[in-house]
Amino acid sequence: MDLRQLTTLVAIADHGSFSAAARALYTVQSNVSGHIARLEKELGVVLVDRQRGGLTDEGMVVVERARRVLHELED
């Protein structure tokens, strides 16, 4: 797990889609997809429901924790 993966997940939560997150992060959608796929594999859970386009329950928990981690790093 790295900060890019956490930042990417938060961007998806904030912007609502992989493509919008990619634009906000100044990257391409394939990078966003790759970061999330690796994070899901490392954690062993699905974080984003790709059919409905939202976060799973597990994804919401991880986003909340990621926001705290990123906030602590900013401080």
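## Loop residues and helix packing

Thr56 has a relative accessible area of 13%, under the 20% cut-off, and therefore counts as buried. The model described here is predicted. Thr56 belongs to the loop that runs between β2 (54-55) and α4. Apart from neighbours within four places in sequence, the contacts of Thr56 are Val46, Leu47, Val48 and Asp49.

Another loop, between α2 and α3, holds Tyr26. Tyr26 has a relative accessibility of 78%, over the 50% cut-off, so this residue counts as exposed. The phi of Tyr26 is positive, near 55 degrees, in a residue other than glycine.

Helix α3 itself covers residues 29-43, 15 residues in total. From first C-alpha to last, α3 reaches 21 Å, close to the 21 Å expected at 1.5 Å a residue. Its buried residues are Val32, Gly34, His35, Ile36, Leu39 and Glu40. These buried residues pack against α1 (3-15), α2 (18-24) and β1 (48-49).

| Helix pair | Crossing angle | Axis distance | Handedness |
|---|---|---|---|
| α1 and α3 | roughly 110 degrees | within 9 Å | left-handed |
| α1 and α4 | about 120 degrees | 9 Å | left-handed |

The angle between α1 and α3 is roughly 110 degrees. These two helices are therefore roughly perpendicular to each other. On the α1 side, the residues that meet α3 are Arg4, Gln5, Leu6, Thr8, Leu9 and Ile12. On the α3 side, they are Val32, His35, Ile36, Arg38, Leu39 and Glu42. By class, this contact of α1 with α3 has six nonpolar, three polar and three charged residues.

Helix α4 spans residues 57-74 and packs with α1 at an angle of about 120 degrees. That angle makes α1 oblique to α4. From α1, the contact draws on Leu3, Leu6, Thr7, Leu9, Val10, Ala13 and Asp14. From α4, the contact draws on Gly59, Val62, Val63, Ala66, Arg67, Val69, Leu70 and Leu73. The residues of the contact of α1 with α4 comprise 11 nonpolar, two polar and two charged.

Methods: Residues are numbered from 1 along each chain as its sequence is written. This is a predicted model: local features need pLDDT of at least 70, side-chain atom pairs count only at pLDDT 80 or more; totals for chains, interfaces and linings use all residues. Side-chain values use heavy atoms; hydrogens and water are left out. Helices (H or I, at least four residues) and strands (E, at least two) are DSSP runs, numbered from the N terminus. The expected span of a helix is 1.5 Å times one less than its number of residues. Buried means under 20% relative accessible area, exposed over 50%, partly exposed in between (1.4 Å probe, protein chains only). Contact means heavy atoms within 4.5 Å. Axes are lines fitted to C-alpha atoms, for helices over the stretch in contact, and angles run from 0 to 180 degrees between N-to-C directions. Angles under 35 degrees count as roughly parallel, over 145 as roughly antiparallel, 65 to 115 as roughly perpendicular and the rest as oblique. A crossing is left-handed if the near helix is turned anticlockwise from the far one by less than a right angle, and right-handed if clockwise. Ala, Val, Leu, Ile, Met, Phe, Trp, Tyr, Cys and Pro count as nonpolar, Asp, Glu, Lys and Arg as charged, and the others, Gly among them, as polar.
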